[in-house]
Amino acid sequence: MGIRVAVAGASGYAGGELLRLIAGHPEFDLVAATAHSQAGHRVDVVHPQLTGLDLVLGTTDPTTLADADLVFLALPHGESAALAAQLPAEVRIVDLGADHRLADPYAWAQYYGGTHAGQWTYGLPELPGQRELIAGSTRVANTGCYAAAITLALAPLIADGAASPADVVVVAASGTSGAGRAAKPHLLASEVMGDLSPYRVGTHQHVPEIKQATGATGLSFTPVLAPMPRGILATVTATPARGVDPQEVLARAYADAPFVHVLPEGRWPHTAATLGSNSCHLQATVDVDSGRLIVLSALDNLGKGAAGQAVQNANLMLGLPETTGLSMWGVTP
Ligand SMILES: NC(=O)C1=CN([C@@H]2O[C@H](COP(=O)(O)OP(=O)(O)OC[C@H]3O[C@@H](n4cnc5c(N)ncnc54)[C@H](OP(=O)(O)O)[C@@H]3O)[C@@H](O)[C@H]2O)C=CC1
Ligand SMILES: CC(=O)N[C@@H](CCC(=O)OP(=O)(O)O)C(=O)O
């Protein structure tokens, strides 16, 4: 018997990708997969890509999950905290939702509403010192998908003093799986296909998370829904604080990071190259006209933006090599 893992919210998109990664993980044994409205259905009926996974979705309650060594929570915002509080302290938890990401209860109240459940270790191993903190934690809060793409692009430039934290502008496009699997009219194929639509302009809930993770003090963020199932491409620009080569700063920051690839000069990140992988691709330059720093960042919102990152964090928490069971290679086309 290997390490016993369970997934709550296994009928959703992030949960389904977790099940796929766990099935290919050499050390993990899946002992429970739970759902809400889909409880009682077979996994391979809910997720046809997982045909052969012989398991019925259970109900999401602490008794179903408490038997695991590590539990992944892939639940809607506000559902993780109460459940996590009922699990034994020795059960490790990686929460893919937002409940435990923020330090500031006022930011939580402003962007999510209600009472803040308290902060856990932030699950982005590539931030300085974070890999060690994650390895020593039993509770880890995975990043938001946009937050992962944007933070990986921006944090080293602010930390190095290369970018001014006061003037950061981001436009990022996301595939529709980022919005989850629940049926919503704006996610219908007839609404999404052939369209690019901005949403929550200037009010997106990842703004405080990105500011917290990068040190940015002034951030304008415009998310855009794109007609594709998965993938994020973020364009991050900032006022330079001193004359450095941003590509060189990023390459130095991620020299030892197995999943963050600063592309060779002249090659630009695009979503298809990261699909199905746990990789984030980065490229940076200085705008010839305005002098602004520009960083492009691409990742799979269900990979490095959610389930892949969660497995990477779980590996660290369990003392395994962080790459175990994860691929840095995409599946395009
Ligand atoms: N999709 C993405 O790209 C990313 C998602 N995340 C986060 O991961 C979490 C899951 O997202 P995602 O998979 O996209 O969402 P989905 O809507 O696809 O799935 C949600 C899951 O939660 C279950 N669920 C719904 N309502 C409840 C409830 N009241 N109590 C318990 N379980 C419930 C659903 O069960 P059922 O289907 O049976 O009703 C389903 O298994 C969210 O917090 C999301 O923000 C983070 C980063 C990226
Ligand atoms: C396309 C789309 O709707 N994307 C989602 C991304 C959510 C996400 O990354 O996760 P968390 O909600 O866990 O932070 C959004 O913008 O809210």
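## Main nonpolar core

The largest nonpolar core has 41 residues, and the members that touch the most others are I150, V168, V170, V236, L282 and V295. Two or more residues come from each of α7, β8 (163-174), α9 (206-214), β10 (219-225), β11 (232-240), α10 (246-253), β13 (280-286) and β14 (293-299). Helix α7 supplies the largest share of this core, with 12 residues. Both domain 1 (3-143 + 304-317) and domain 2 (146-302) contribute at least three residues each. The model is predicted.

In soluble globular proteins, nonpolar side chains tend to be buried together.

## Surroundings of V170

Which residues does V170 contact, leaving aside its neighbours within four places in sequence? The contacts of V170 are I150, L219, S220, F221, T222, T235 and V236. Of these, I150 and V236 are also listed with V170 among the core residues that touch the most other members.

## Annotated residue C145

An unreviewed UniProt entry carries the annotation "active site" for C145. This residue lies in helix α7, which spans residues 145-159, and α7 is the element that gives 12 residues to the main core.

Is C145 buried or exposed? C145 counts as buried because its relative accessibility is 14%, and buried means under 20%. With residues up to four places away in sequence not counted, C145 touches H206, I232, L299, N301 and G305.

Technical notes: Residues numbered from 1 in each chain as written. Chains lettered and ligands numbered in written order. Predicted model: local features only at pLDDT ≥ 70, side-chain atom pairs only at ≥ 80, totals over all residues. Heavy atoms only, no water. UniProt positions renumbered as here; feature names shortened; annotations may be inferred. Helix = DSSP H or I, 4+ residues; strand = E, 2+ residues; numbered from the N terminus. Buried < 20%, exposed > 50% of the residue type's maximum accessible area, 1.4 Å probe, protein only. Contact = heavy atoms within 4.5 Å. Core = buried A, V, L, I, M, F, W, Y, C linked by side-chain atoms within 4.5 Å. Domains from an automatic or database assignment.
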